[in-house]
Amino acid sequence: ITGCAYWFDANQITGVLNNNPLPTMTDFSGFNRHFTQATSSFRGTYKTSRINGKPAITFDHLQSQRYAGPNFMTGFTQGELFIVIKSGFDPAPDGISTGYGKFGSNGLSVHYPYFTGVAPATDAYDNFGSTSRFNFSTTIPYNEWHIYDIVSDNGAWIVYLDGELIYYSVSNTVGFTSSPLIGGSNGSFFSGEIAEVIIYNQLVFGQDYDNLYNYFNTKYAIAN
């Protein structure tokens, strides 16, 4: 699909053994925009057979595990994120264990899900590609595998889970960070698992959108 700016796929990782730290979340888009972590204790763990027989990277917020990417997003005028993700908690045990990534220029933390201390968790906060942070709610459990899809465009900020519309705002100004992270977000870190991340510098429509969801469903058997 045209406009793919970053693509991480745990299933394409080679040379790393099960239950070992992963030094780099390799960019398979061809642009070599790799997310890296030089400190071993801050690296996520590569684990096999985590979702439909496919591997994933597990993160532990207590170890502040995260990967830093290059500055490649600040010129985007719109964008869309697809991430195959599973939170380690529902509800979250605190307010610093759910920041799966930093992609917006808004300086506040992302929370997937947000800490309330009540099960099941319903609220989440995100700022992908935005100067604002948005709060949305769903009864879909966060501690199950999902295709988490966010659209950022001027005048539109939209969230889908497994293809289901969760949230829509017509008040949005596009703004991407110059220092993107996976596994961390402005002091909040992630406990959970990530199998795949795809970032586009445009919106995905029509047959391309259907093809992408069919790809995810065939690969991961996530109903959508």
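Mentor: Happy to! Lys102 stands opposite Leu181 in S15. Strands here are DSSP runs of E with at least two residues, numbered from the N terminus (helices are runs of H or I with at least four), and two strands pair if DSSP finds at least two bridges between them. Keep in mind that this is a predicted model, where local features need pLDDT of at least 70 and side-chain atom pairs count only at pLDDT 80 or more, while totals for chains, interfaces and linings use all residues. Residues are numbered from 1 along each chain as its sequence is written, and side-chain values use heavy atoms, leaving out hydrogens and water.

Back to the pairing. Strand S9 (residues 101–104) runs antiparallel to S15, with 3 bridges between them. Strand S7 (residues 67–68) is antiparallel to S15 as well, joined to S15 by 2 bridges, and there Ala68 stands opposite Leu181. S15 is mostly covered, as 5 of its 7 residues are buried; buried means under 20% relative accessible area, exposed over 50%, and partly exposed in between, with a 1.4 Å probe and protein chains only.

Beyond its neighbours within four places in sequence, Tyr148 touches residues including Leu81, Tyr100, Tyr112, Asp126, Phe136 and Val159, where contact means heavy atoms within 4.5 Å.

Ile198 lies in strand S18 and counts as buried because its relative accessible area is 4%. With neighbours within four places left aside, its contacts include Cys4, Trp7, Phe82, Leu212 and Phe216.

Now the rings. Phe, Tyr and Trp rings (the six-membered one for Trp) pair if their centres lie within 6.5 Å; planes under 30 degrees apart are stacked, over 60 edge-to-face, and the rest tilted. That rule gives 31 aromatic pairs. One of them joins Phe136 and Trp157, tilted at 45 degrees and 6.5 Å centre to centre. This pair links distant parts of the chain, 21 residues apart: Phe136 is in strand S11 (residues 134–137) and Trp157 in strand S13 (residues 156–161). Phe136 is buried, since its relative accessible area is 2%, and Trp157 is buried because its value is 0%. Trp157 also pairs with Tyr167, this time edge-to-face at 6.0 Å and 70 degrees. Tyr167, in strand S14 (residues 164–169), is 10 residues from Trp157 and counts as partly exposed because its relative accessibility is 22%.

Finally, two charged ends over rings. Arg33 sits over Phe31, 4.3 Å from the ring centre, and Arg66 sits over Phe42 at 4.7 Å. The rule asks for NZ of Lys or CZ of Arg within 6 Å of the ring centre and within 35 degrees of the ring normal.
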